Amino acid sequence: MGCEPYMGEQEAKIAGRWIRKVEKIMIHINTLEDLRVNCSTQLLFDRAMAWWETIQLRRTIETLTSNDFKFKFENKFYSRYHHKVKEQELLALRQDDMSVLEYERRFHDLSLFAPHYVPTEEHMIKKLRDGLRQELKQGLIAL
């Protein structure tokens with residue numbers, strides 16, 4: 001499947017990369033929604049597996065969707081403080097001395113932690129454009 005195991009690292013960058021990669025692969029191989037949580041949890045080890053086992057013990061009969069799993073995963077392995085820090089980084093992000101590609105990548109990475117600030121593609125484009133260097137913004141206006 002191409003996914004690495006997740007050991008339960010509390011570093012948000014590692015957790016975020018892992019969950020996004022798993023989601024991407026599930027979509028790519030057309031995994032049925034009913035199987036996504038089971039497939040994802042097969043990649044959990046150590047602290048992550050211990051966390052998952054406690055989730056299973058607390059669950060009732062209802063089925064956990066992949067969105068529910070992602071929500072619970074993020075709440076466990078990203079701290080609320082980390083989310084707030086990333087939101088503030090997104091709001092303050094400016095291109096400055098980054099290349100456009102570096103700026104766009106950083107913007108995308110941060111927007112994953114604060115999707116409510118860029119709920120549509122239109123919002124995303126506006127926010128991205130607002131952070132560009134002045135000479136680039138002026139060039140876009142001329143177009």
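The second largest pocket holds about 220 Å³ of space. A pocket here is an open set of points on a 1 Å grid over the protein atoms alone, where a 1.4 Å probe fits, with protein on both sides within 12 Å along at least five of seven lines; lining residues have an atom within 4 Å of a point. The points are joined across faces, edges and corners, and the volume is the space filled by probe spheres set on them. Keep in mind that this is a predicted model, where local features need pLDDT of at least 70, side-chain atom pairs count only at pLDDT 80 or more, and totals for chains, interfaces and linings use all residues. Residues are numbered from 1 along each chain as its sequence is written, and side-chain values use heavy atoms, with hydrogens and water left out.

Back to that pocket: its lining includes R17, R20, K86, R106 and D109. It divides into four nonpolar, two polar and six charged residues (Asp, Glu, Lys and Arg count as charged; Ala, Val, Leu, Ile, Met, Phe, Trp, Tyr, Cys and Pro as nonpolar; the others, Gly among them, as polar). Helix α1 gives the largest share of this lining, five residues. Helices are DSSP runs (H or I, at least four residues), numbered from the N terminus.

The largest pocket has about 350 Å³ of space. Of its 15 lining residues, E74, Y78, H83, L112 and F113 lie nearest the centre. Helices α1 (12-28), α4 (66-77) and α5 (80-92) each give two or more residues to this lining.

Now for the packing. The largest nonpolar core has 22 residues, and Y6, W18, L44, W51, W52, F69 and F73 have the most contacts inside it. Such a core is a set of buried Ala, Val, Leu, Ile, Met, Phe, Trp, Tyr and Cys residues joined through side-chain atoms within 4.5 Å, with buried meaning under 20% relative accessible area (1.4 Å probe, protein chains only). Its largest share, seven residues, comes from α1. Take W51: beyond its neighbours within four places in sequence, W51 is in contact (heavy atoms within 4.5 Å) with L44, F69, K72, F73, K76 and F77. A second, separate core of eight residues includes L90, L93, F107 and L132.

Finally, in helix α2 (residues 33-41), V37, S40 and T41 are buried. They cover an arc of only 95 degrees around the axis, so they sit on the same side of α2 (the arc is that of the directions from the helix axis to the C-beta atoms). What covers these buried residues of α2 includes α1, α3 and α4.

How values were computed: Buried < 20%, exposed > 50% of the residue type's maximum accessible area, 1.4 Å probe, protein only.
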